[in-house]
Amino acid sequence: MKKICLLLLTLLLTLTLFANGNSEEATASVISFESVDIFGNSVSSQELFSSSKITMINFWATYCNPCIGELPFLAKIPTYYDPSELQIIGIITDATNQNAYDKAISLIKEKGADSYIHLLPSSSMNDVLSNISVVPTTLFVNNKGEIIKSVLGSNTFKRWQEIISEL
């Protein structure tokens with residue numbers, strides 16, 4: 001009975017850690033996709049990732065208040081880092097219809113998040129999107145598209161700087 005209770009307690013603790021909005025988890029997966037940015041320009045992950053040592057990919061949605069609240073903090077990142085060292089990309093997970101697209105464009109302008117590229121979801125992103133269970137989720141990838149860090153939940157600019165400095 002003690003072993004079962006200990007096992008359940010361990011499981012509960014693990015689930016609690018991963019349910020926390022600021023849980024961090026590293027994985028060895030590789031991201032690869034083709035998509036378009038909010039202006040309709042075609043992009044590939046390989047092309048994007050190869051231009052910077054680290055790419056920060058922020059998955060967000062127009063219905064997500066923490067995502068929207070975080071946009072101004074994310075907008076500051078490109079002004080503090082050399083783009084050959086760190087770049088940021090936003091992927092608007094729910095921009096699959098005109099209303100969500102229009103809302104995303106409005107939020108990007110309103111929050112000043114036009115300082116970095118935003119991509120629309122595509123069918124070639126299905127693998128990575130199927131693993132995103134919480135928005136915002138931010139993945140850090142190297143120039144080969146290998147995931148080096150995953151962060152669940154929103155953060156302030158200062159906290160993003162701390163996370164980035166640990167990479």
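Residues are numbered from 1 along each chain as its sequence is written, and side-chain values use heavy atoms, with hydrogens and water left out. Because the model is predicted, local features need pLDDT of at least 70 and side-chain atom pairs count only at pLDDT 80 or more, while totals for chains, interfaces and linings use all residues.

The protein contains six helices and eight strands (DSSP runs, H or I of at least four residues for helices and E of at least two for strands, numbered from the N terminus). Their order along the sequence is α-β-β-β-α-β-α-β-α-β-α-β-β-α. Of the 167 residues, 44% are buried (under 20% relative accessible area, with exposed meaning over 50% and partly exposed in between; 1.4 Å probe, protein chains only). Among contacts (heavy atoms within 4.5 Å) with a separation of 6 or more, 74% involve residues 24 or more positions apart.

In soluble globular proteins, nonpolar side chains tend to be buried together. The largest nonpolar core here has 46 residues (a set of buried Ala, Val, Leu, Ile, Met, Phe, Trp, Tyr and Cys residues joined through side-chain atoms within 4.5 Å). Ile31, Met56, Ile77 and Phe140 have the most contacts inside this core. Met56 has Phe140 as its bridge partner in strand 7.

Strand 4 (residues 54-60) and strand 7 (residues 137-142) pair in the antiparallel sense over six bridges (strands pair if DSSP finds at least two bridges between them). Strand 7 also runs antiparallel to strand 8 (residues 147-152), to which five bridges join it; the partner of Thr137 in strand 8 is Leu152. Four residues lie between the strands of this hairpin, where Gly145 takes a positive phi near 85 degrees. In a regular strand the side chains alternate between the two faces of the sheet. In strand 7, Thr137, Leu139 and Val141 on one side and Thr138, Phe140 and Asn142 on the other are all buried.

Asn58 lies in strand 4 and is buried, with a relative accessible area of 0%. The side chains of Asn58 and Thr138 are joined by a polar contact of 2.9 Å (a pair of N or O atoms within 3.5 Å; within protein, one must be able to donate a hydrogen and the other to accept it, and residues adjacent in sequence count only if both atoms are side-chain atoms). Beyond its neighbours within four places in sequence, Asn58 is in contact with residues including Glu70, Leu74, Ile91 and Pro136.

Three aromatic pairs are counted (rings of Phe, Tyr and Trp, the last by its six-membered ring, with centres within 6.5 Å; planes under 30 degrees apart are stacked, over 60 edge-to-face and the rest tilted). The rings of Tyr80 and Phe157 are tilted, because their planes stand at 50 degrees, with centres 4.8 Å apart. This pair links helix 3 (residues 65-80) to helix 6 across 77 residues. Tyr80 is exposed at 52%, whereas Phe157 is buried at 9%. Phe140 and Trp160 form another tilted pair, 6.1 Å centre to centre with 55 degrees between the planes. Phe140 and Trp160 are both buried.
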